[in-house]
Protein chains: 2
Amino acid sequence: MNKSLFDVKMWVKDMQQGKRIALARIITKIENRDVEVPELMKEIFPLTGKAEVLGVTGPPGAGKSTLVDQLIYASRAEGKKVAVIAVDPSSPFSGGAILGDRIRMQRHYGDTGVYIRSLGTRGKHGGLSHSTKEAVMALDAAGFDRIIVETAGVGQTELAILKLAQTVLVVLVPESGDSIQVMKAGLMEIADLFVVNKSDRPAADQLVRELVVMVGMNSDHEAKWSVPVLKTEAVKSVGIDAVMKSLSEHQSYLDESHLRNQKRTSFLSEEIEDILLEKFTQKIKESLSSKKGKEILSDLTSGKITPYDASGLIFKI
Amino acid sequence: MNKSLFDVKMWVKDMQQGKRIALARIITKIENRDVEVPELMKEIFPLTGKAEVLGVTGPPGAGKSTLVDQLIYASRAEGKKVAVIAVDPSSPFSGGAILGDRIRMQRHYGDTGVYIRSLGTRGKHGGLSHSTKEAVMALDAAGFDRIIVETAGVGQTELAILKLAQTVLVVLVPESGDSIQVMKAGLMEIADLFVVNKSDRPAADQLVRELVVMVGMNSDHEAKWSVPVLKTEAVKSVGIDAVMKSLSEHQSYLDESHLRNQKRTSFLSEEIEDILLEKFTQKIKESLSSKKGKEILSDLTSGKITPYDASGLIFKI
């Protein structure tokens, strides 16, 4: 049999026509860094560029998934198809991602306009942000109007992933630590919108005030977008309308300021970088396990040369 | 002035002679990926290869830092110099690393045989595990006999970092979730030693039994090292002697099984890979911001070519 069992064009076509199994299988191939990914992405890329990409982050317990759920319902009410990618680079201690997907999907059972999927860790160097970018492109090509990338924590990987979004929403609760932590975490630089959730709690107003002050200090005078600080009680659907309104205003701002194009260019630059680093990592591994590579490693372990010398012998770049 | 204010050979010499400011400054340069790092590492590398490197991980609240503190005291009682690198790739929500260093150092105030330092996130692709490897080499060259790399969480970055250690100790508490989480987190594959801390709690014995069963299932018949499951109450110094004994037995095992050499080779292979990827990332960025790079990006954003085409035009590898 000459023909691959996985017919790239057919699967992408099926995905466009709304077949869930095709979408799921394509994202799994992306997650696993399958050899067919380059071929897949060549089919998928021309179909992209239409979706609105929203990043949502916040500490564990801030009510991120409840808020995201409310945004799904509100987006559906606007007639938009919504997909959620829950990125979980760390902390399997805190619970099973796959089980989480199933429970969350059940709430939207039977609604073909909603798709929820988690992405875990594969590979080493930037693997997860690479997979997230390509999964966003697949969902965009599959016709989802709004793609929400949800991530907990604010490490290296998470910040890189959030930078891929057009709009970044940061959810906090009074208990999640003071606003100084927000500064330290680098969230001030990436937040387009702050949401103080569980806003019925006593310390909520103080957190709002602190954030408003910090937003004021951080914004320069020419900035056309002033970062809103909104209050929600996501479990009771309180404040969701205001969040939806701000998201829509931020989308208009992206067009007026030409930031949308800048963001698309930087998304695609990152994609080029990740493609090249993935290939190069493969080349290094091949070179290290070749005869010459083993000789170099042996000279290194015996102390004849240093790692920086050895790297120059493995690859001249 | 022709001469750099930072004289690499002099600083490395000062570090070897126990000058703390030299050590701290060198590690800061490593953390910041300073241009002088290659030159520094050429001086440092020939002085390495003597230290015992221990990785410690476990979920937040397991008592990692209390246990590490006890291991410091016990190592000092053996006359060994001990350094701790606390790696914190994520979650600035959970508290300030630098403040933590100071509080922890105070407990060992005046003891020149103890050094505690945290490392945070710099750069993107594998930056933190690269810095951690080079900081370990610096501490090794500075004459520390035992280097403890402590990390919370078990994400991509943390697992990569733990693989650099000769011995990996996983700390759990009954509350940290069941043993299935341990499996899912990939800890079964990397643990050389399990410690159930806070072992006075009721569910401790059950966790120990589960871990013993899992260790049994996981080990093949030819394995010469059977992973111990030990109980401690680190706050009361209970069980520390047994942990120290196991650590020493694992060191003997590394020599008998020739695993020590394998681990050194893999540590150094990873270092070569990280050096090359750091250089290559720089090259990609330069290429993308060149005139040709901008033309390629423009063809990409206008949809004339795909990211995989574009990457081939930027670099032929």
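Predicted model: local features only at pLDDT ≥ 70, side-chain atom pairs only at ≥ 80, totals over all residues.
## A buried valine in chain B

Val170(B) counts as buried because it has 27 C-beta neighbours inside 10 Å, and 20 or more is enough for that label. To find the residue, go to strand β5 of chain B, which covers residues 167-172.

What does Val170(B) touch, leaving aside its neighbours within four places in sequence? Its contacts are Thr57(B), Gly58(B), Leu187(B), Ala191(B) and Phe194(B). Gly55(B) is worth a look too: Val170(B) and Gly55(B) are 115 residues apart in sequence, yet their C-alpha atoms are 8.3 Å apart in space.

## Chain A as a whole

Now step back and look at chain A. Its 317 residues include 14 helices and seven strands. Buried residues make up 48% of the chain.

Helix α1 of chain A spans residues 8-16, and helix α2 of chain A spans residues 20-31. Their axes come within 7 Å and cross at roughly 125 degrees. That angle makes α1(A) and α2(A) oblique to each other, and the crossing is left-handed.

Which residues make this contact? From α1(A) come Trp11(A), Asp14(A) and Met15(A), while α2(A) brings Ala22(A), Leu23(A), Arg25(A) and Ile26(A). Sorted by class, five residues of the contact are nonpolar, two are charged and none is polar.

## Helix α14 of chain A and its cover

Next, move to helix α14 of chain A, residues 307-314, where the buried residues are Pro307(A), Ala310(A), Ser311(A) and Ile314(A). These residues lie on the same side of α14(A), because they cover an arc of only 100 degrees around the axis.

What covers the buried residues of α14(A)? The cover includes α12 (259-288) and α13 (291-301) of chain A, together with α3 (37-44) and α12 (259-288) of chain B.

## Where α14(A) meets α12(B)

The axes of α14(A) and α12(B) are 9 Å apart, and the two helices pack at an angle of about 65 degrees. They are therefore roughly perpendicular to each other, with a right-handed crossing.

On one side of the contact are Pro307(A), Tyr308(A), Ala310(A), Ser311(A) and Ile314(A) of α14(A). They meet Leu268(B), Glu271(B), Ile272(B), Ile275(B) and Leu276(B) of α12(B). Eight residues of this contact are nonpolar, one is polar and one is charged.

Helix α13 of chain B, residues 291-301, has Ile296(B), Leu297(B) and Leu300(B) as its buried residues. Why do they sit on the same side of α13(B)? Their arc around the axis is only 100 degrees, which puts them there. The face turned away from this buried side carries the exposed residues Lys291(B), Lys294(B), Glu295(B) and Ser298(B).

Both chains take part in covering the buried residues of α13(B): the cover includes α12 of chain A, as well as α12 and α14 (307-314) of chain B. Just after α13(B), you can pick out Gly303(B), which takes a positive phi of about 85 degrees.

How values were computed
Residues numbered from 1 in each chain as written. Chains lettered and ligands numbered in written order. Axes fitted to C-alpha atoms, helices over the stretch in contact; angles between N-to-C directions. Helix = DSSP H or I, 4+ residues; strand = E, 2+ residues; numbered from the N terminus. Parallel < 35°, antiparallel > 145°, perpendicular 65-115°, else oblique. Left-handed = near helix turned anticlockwise from the far one by under 90°. Contact = placed C-beta atoms within 7 Å. Nonpolar A, V, L, I, M, F, W, Y, C, P; charged D, E, K, R; others polar. Buried ≥ 20, exposed ≤ 12 C-beta atoms within 10 Å, placed from the backbone. Arc of directions from axis to C-beta.
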